[in-house]
Amino acid sequence: MSPRAGTAGLTPHTLAFVESPVQLLNVLEWAHLRAPRAEEAPGGGLTLVVLSPTDPMTRGQLRRMADLARDEGHTVRWEEARGGPAAPFQTIGGLTRLLRRADRIVMGDPFSRYVQLLLTITRARELVVVDDGTATMEFVAQLASGERLVRWHRKGGRPGPRDLVFAPVSSAARRRLTPSARRTVEVFSSMPIETTPEGVTITANAFAWTRATFGPPRITKGADMVGTSLVETGVVDNDRYLEAVSALAKTHGATRYFAHRRESTEKLHRLAVETGLEIVRPDLPLELIARRGPIGRTILSFPSTVVHTLPLALVGTEVRVAVCDIDPAWLTENASPRAQGFLSGVTGTARDVHRLSAVTAA
């Protein structure tokens, strides 16, 4: 993949920054919805900048999604944004000219320090935030209440030294993300938005591009399970999580476990040995995997983004999405005080899903 292919002399109308496969998917959904309403054709004036992480699985999914973006006619610019101590300076220096010329900035993660730093450079009059999963719900709530931008699983903890050093940049980014006479802000989301910040436009993401491009899927008789990174983020205890997965699999006859891209190899190996589940490492976001099929008639999940997105991607099929609550006893002692309430809210606001009570681990 050429790092800067197709960008020479380009003055993009829209510049999009993504750091995960799901963010890139939602930029494609946003562009698909917008094209019929604007003068530009699909791909016209959109440059997608991938701020590549170091995790191999995430990078692999991002490369596959970048290929799909090119197929749609978009320009993709791959940045090794974390490829060493000098990488951030080289990345930001190389993007400064494009940032200052862009009329519109689309971003997938307003909590990202990288994105917040880039926001201090741009003069764009239109800012668009596309879904980065359930974090979008927290972003909108914090913007509406005037709070500082903090990821939900860290909320309630004491700011670290890096947080304090970065605080002025974060505050400046938050001001940029507040609508004004000089700047509009749009949130493109499939998440339930309960409180809309003043002046912010909310646009629904119905996964129209996904449904138009893939499927309908072949549906199998069994059940599939969706993994979560709640253990890796320090929210849920590892042993309790494995016990819950085992109990769910036995109760519902699940045979496959679609791993989250951040789940550790050690945890997945132990899960396979103890539960007998086939571990699947998806090469694309689960919304696309499920839409392409084959997929189980029942999809089991813990509170996560997919309980909101999969029903939209699979609308018109016979697939049922079932979500299992997180038992408070599963939480680690270091989990944020906000964790239980946030996870319950993710489950409680999900539409078109079957709600399961928390399983009792053996």
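**Note on the predicted model**

1. Among the contacts in the protein chain that join residues at least 6 apart in sequence, 72% are between residues at least 24 apart, a contact being defined as heavy atoms within 4.5 Å. This is a predicted model, in which local features need a pLDDT of at least 70 and side-chain atom pairs count only at pLDDT 80 or more, whereas totals for chains, interfaces and linings use all residues. Residues are numbered from 1 along each chain as its sequence is written, and side-chain values use heavy atoms, with hydrogens and water left out.

2. On the overall composition, the protein chain holds twelve helices and 13 strands; these are DSSP runs numbered from the N terminus, helices being H or I of at least four residues and strands E of at least two. Of the 362 residues in the protein chain, 53% are buried, where buried means under 20% relative accessible area, exposed over 50%, and partly exposed in between (1.4 Å probe, protein chains only). The accessible surface of the protein chain is about 15800 Å², and carbon and sulfur atoms account for 51% of that surface; the areas come from the Shrake-Rupley method with a 1.4 Å probe, and for residues only the protein chains shown count as cover.

3. Strand 9 is mostly covered, since four of its five residues are buried. Strand 9 runs parallel to strand 8 (residues 219-226), and four bridges join the two, two strands being paired if DSSP finds at least two bridges between them. Within this pairing, V226 has F258 of strand 9 as its bridge partner.

4. Y241, in helix 8 (residues 238-252), counts as buried because its relative accessibility is 1%. Leaving aside neighbours within four places in sequence, Y241 is in contact with G227, T228, V231, V236, Y257, E263, K267, L271 and F302. With Y257 there is also a polar contact of 2.6 Å between the two side chains; the term denotes a pair of N or O atoms within 3.5 Å, where within protein one must be able to donate a hydrogen and the other to accept it, and residues adjacent in sequence count only if both atoms are side-chain atoms. K267 lies 26 residues from Y241 along the chain, and their C-alpha atoms are separated by 10.0 Å.

5. Which side chain of opposite charge is nearest to R261, a buried residue that has no salt bridge? It is that of D55, at 5.0 Å, with Lys and Arg counted as positive, Asp and Glu as negative, and His and the chain ends not counted; a salt bridge calls for a side-chain nitrogen of Lys or Arg within 4 Å of a carboxyl oxygen of Asp or Glu. R261 sits in the loop between strand 9 (254-258) and helix 9 (265-275), and its side chain makes a polar contact of 3.0 Å with that of T58. Not counting residues up to four places away in sequence, R261 touches S20, P21, D55, M57, T58, Q61 and R281.

6. The structure holds 13 salt bridges, one of which pairs E19 with R82, their closest N and O atoms being 2.4 Å apart. This pair links distant parts of the chain, 63 residues apart: E19 is in the loop between strand 1 (14-18) and helix 1 (21-34), and R82 is in the loop between strand 3 (75-79) and helix 3 (87-101). E19 counts as buried at 13% relative accessibility, whereas R82, at 34%, counts as partly exposed.

7. D283 and R64 also meet through their side chains in a salt bridge, at 2.4 Å from N to O. Because D283 lies in the loop between strand 10 (278-280) and helix 10 (286-292) and R64 in helix 2 (residues 56-71), the pair ties together parts that are 219 residues apart in sequence. D283 is partly exposed, with a relative accessible area of 32%, and R64 counts as partly exposed at 31% relative accessibility.

8. A further salt bridge joins E126 and R104, whose closest N and O atoms are 3.1 Å apart. E126 belongs to strand 5 (residues 126-130) and R104 to strand 4 (residues 104-107), so the pair ties together parts 22 residues apart in sequence. E126 counts as partly exposed at 27% relative accessibility, while R104 counts as buried at 2%.

9. V319 is found in the loop between helix 11 (306-313) and strand 12 (320-324) and counts as buried at 15% relative accessibility. Apart from residues up to four places away in sequence, V319 touches I219, I295, G296, R297, I299 and L314. From V319 to T220 the C-alpha distance is 9.4 Å, and the two are 99 residues apart in sequence.
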